[in-house]
Amino acid sequence: MKNVGVFGLGTYVPEKVFTNHDFEKILDTSDEWITEMTGIKERRFAEGMETSDMAYEAAVEAIDNSGVAAEDIDLVIVATSTGDQQFPTVATMLQQKLGLRPVPTMDQLAACTGFIYGMVTGAQFIQTGTYKHVLVVGADKLSKITDFNDRSTAVLFGDGAGAVVLGEVEEEFGIKSFDLGSDGSGSDYLYDERDTGTLRMNGREVFKFAVRQMGESSVIVTEKAGLTKADIDMLVPHQANIRIMNAARERMEMPPERMSSTIDKYGNTSAASIPLSIHHELKNDRIKSGDNLILVGFGGGLTWGSICMTWGVK
Ligand code: UT7
């Protein structure tokens with residue numbers, strides 16, 4: 001089996017910043033409550049842009065950074081819960097915008113866990129030698145399905161996109177292990193309402209699930225990779241709530257400086273939150289070649305997933 005790693009990464013966040021103070025003007029809420037309960041200070045909202053537009057911006061940057069020519073992309077996977085339309089898929093739109101060959105394309109829906117599901121799916125095709133380069137994008141425009149009258153959910157979400165180009169890497173690098181799962185008995189804890197199309201959530205139940213599952217899954221991939229908790233250089237959790245992220249970190253017995261946190265800037269960007277966070281850490285030289293990372297997420301479904309990987313290509 002071939003080793004699969006990230007050749008290049010790209011991200012996009014919309015320009016419009018919406019702060020907690022902006023929410024104070026339209027909802028019965030406060031900067032203090034939002035900051036204390038979630039860690040969020042501001043988020044970005046896409047205006048005049050759809051999910052495929054954000055996906056495109058992130059994908060162009062990822063392809064540029066990868067050194068792989070666009071015509072050498074063999075498969076496109078887009079993880080999203082907020083496609084431009086029911087169909088065609090965002091992945092097909094992206095293929096067209098990027099001018100790729102008529103390669104296979106697919107959207108994958110695992111809500112906020114989507115990026116992990118997408119990376120693991122893409123990696124299988126490279127591991128088996130079926131394809132050489134897979135573009136995986138996590139993009140969501142949560143503002144499109146947010147009920148801005150519901151203070152318990154409206155303050156949580158933001159829009160954004162992140163993308164990676166996956167390819168074969170030297171043996172010491174790349175994905176070492178993964179863990180994916182879902183539990184449909186939690187399907188009514190987080191969903192988009194059929195009549196209104198807006199997001200509904202039982203925050204307490206999702207919180208309890210996330211605290212348990214993110215820690216558990218991180219431990220599982222560490223062990224599967226033959227590593228110990230002390231070997232992990234950086235935990236990159238789905239950015240849903242700083243309290244949930246810290247619980248996973250504590251389960252991994254890692255200090256705060258070894259966890260990526262961008263939730264204050266972007267809120268919960270669903271399938272985009274993990275690549276946005278990796279990008280932030282790379283930019284600040286906090287992830288380097290050879291570092292062992294855990295990417296871990298959870299989301300509607302309920303779903304969860306994690307990847308243990310060594311950053312770098314050769
Ligand atoms: O990607 C997955 C997405 N989902 C999540 O990650 C969400 C997981 N859940 C959470 O993060 C937490 O449940 C929340 C941060 C959403 C809420 O925290 P909580 O401790 O579960 O609070 P709660 O919903 O039980 O609400 C506590 C109080 C309530 O007031 P009363 O009934 O105690 O008077 C709410 O009405 O806080 C109130 N409240 C707010 N107050 C000010 C709820 N939302 C707000 C708000 N501003 N935005």
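Helices here are DSSP runs of H or I with at least four residues, numbered from the N terminus. By that count, Ser52 sits in helix 3 (residues 51-66). The model is a predicted one.

## Ser52 and its surroundings

Residues under 20% relative accessible area are called buried. Ser52 has 1% relative accessibility, so Ser52 counts as buried. Its side chain makes a polar contact of 3.4 Å with the side chain of Lys97. Beyond its neighbours within four places in sequence, Ser52 is in contact with Asp84, Val90, Met93, Leu94 and Lys97.

## Two domains

The protein splits into domain 1 (4-168) and domain 2 (174-310). Their centres, taken over C-alpha atoms, are 15 Å apart. Across the boundary, 48 residues of domain 1 are in contact with 43 residues of domain 2.

## The nonpolar cores

In soluble globular proteins, nonpolar side chains tend to be buried together. The largest nonpolar core in this model holds 36 residues. Within it, Phe23, Leu235, Ile294 and Phe298 have the most contacts. At least two residues each come from helix 7 (203-224), helix 8 (242-251), strand 12 (292-299) and strand 13 (303-310). Helix 7 gives the largest share, six residues. Both domains take part: domain 1 and domain 2 each provide at least three residues of this core.

Which residues does Leu235 touch? Not counting residues up to four places away in sequence, they are Ser218, Ala248, Arg249, Met254, Arg258, Met259, Ser260, Ile294 and Val296.

Not counting residues up to four places away in sequence, Ser260 touches Met234, Leu235, Val236, Pro237, Gln239, Met245, Ser277 and Glu281.

## Helix 10

Is helix 10 largely enclosed or open? Eight of its 11 residues (273-283) are buried, so helix 10 is largely enclosed by the rest of the structure. The buried ones are Ser273, Ile274, Pro275, Leu276, Ser277, Ile278, His280 and Glu281.

The buried residues of helix 10 pack against several elements. These include strand 1 (3-12), helix 5 (114-127) and strand 7 (159-169). Strand 11 (234-237), helix 9 (263-266) and strand 12 are also packed against them. After helix 10 comes Asp285, with a positive phi near 55°.

## The ligand

There are 22 residues around the ligand. Thr29, Arg151, Arg204, Asn241 and Asn268 come nearest.

| Residue | Ligand atom | Distance |
|---|---|---|
| Thr29 | nitrogen | 2.6 Å |
| Asn241 | oxygen | 2.7 Å |
| Asn268 | oxygen | 2.9 Å |

How much of the ligand does the protein bury? Taken alone, the ligand exposes 960 Å², and the protein buries 73% of that.

## Backbone exceptions

Most residues other than glycine have a negative phi, and most peptide bonds are trans. Several places in this model depart from that pattern.

A cis peptide bond joins Phe87 and Pro88, with omega about 5°. Pro88 is in the loop between strand 4 (75-79) and helix 4 (90-98). Another cis peptide bond joins Gly301 and Leu302, with omega about -10°. Leu302 is in the loop between strand 12 and strand 13.

Ala111 has a positive phi, near 50°. Ala111 lies in the loop between strand 5 (105-108) and helix 5. Is Ala111 buried or exposed? At 15% relative accessibility, Ala111 counts as buried.

Glu253 also has a positive phi, near 55°. Its place is in the loop between helix 8 and helix 9. The cut-off for exposed is over 50%. Glu253 has 61% relative accessibility, so Glu253 counts as exposed.

How values were computed:
Residues are numbered from 1 along each chain as its sequence is written. This is a predicted model: local features need pLDDT of at least 70, side-chain atom pairs count only at pLDDT 80 or more; totals for chains, interfaces and linings use all residues. Side-chain values use heavy atoms; hydrogens and water are left out. A nonpolar core is a set of buried Ala, Val, Leu, Ile, Met, Phe, Trp, Tyr and Cys residues joined through side-chain atoms within 4.5 Å. Buried means under 20% relative accessible area, exposed over 50%, partly exposed in between (1.4 Å probe, protein chains only). Domain bounds come from an automatic or database domain assignment. Contact means heavy atoms within 4.5 Å. A residue is near a molecule or strand if one of its heavy atoms lies within 4 Å of it. A polar contact is a pair of N or O atoms within 3.5 Å; within protein, one must be able to donate a hydrogen and the other to accept it, and residues adjacent in sequence count only if both atoms are side-chain atoms. Accessible areas come from the Shrake-Rupley method with a 1.4 Å probe; for residues, only the protein chains shown count as cover.
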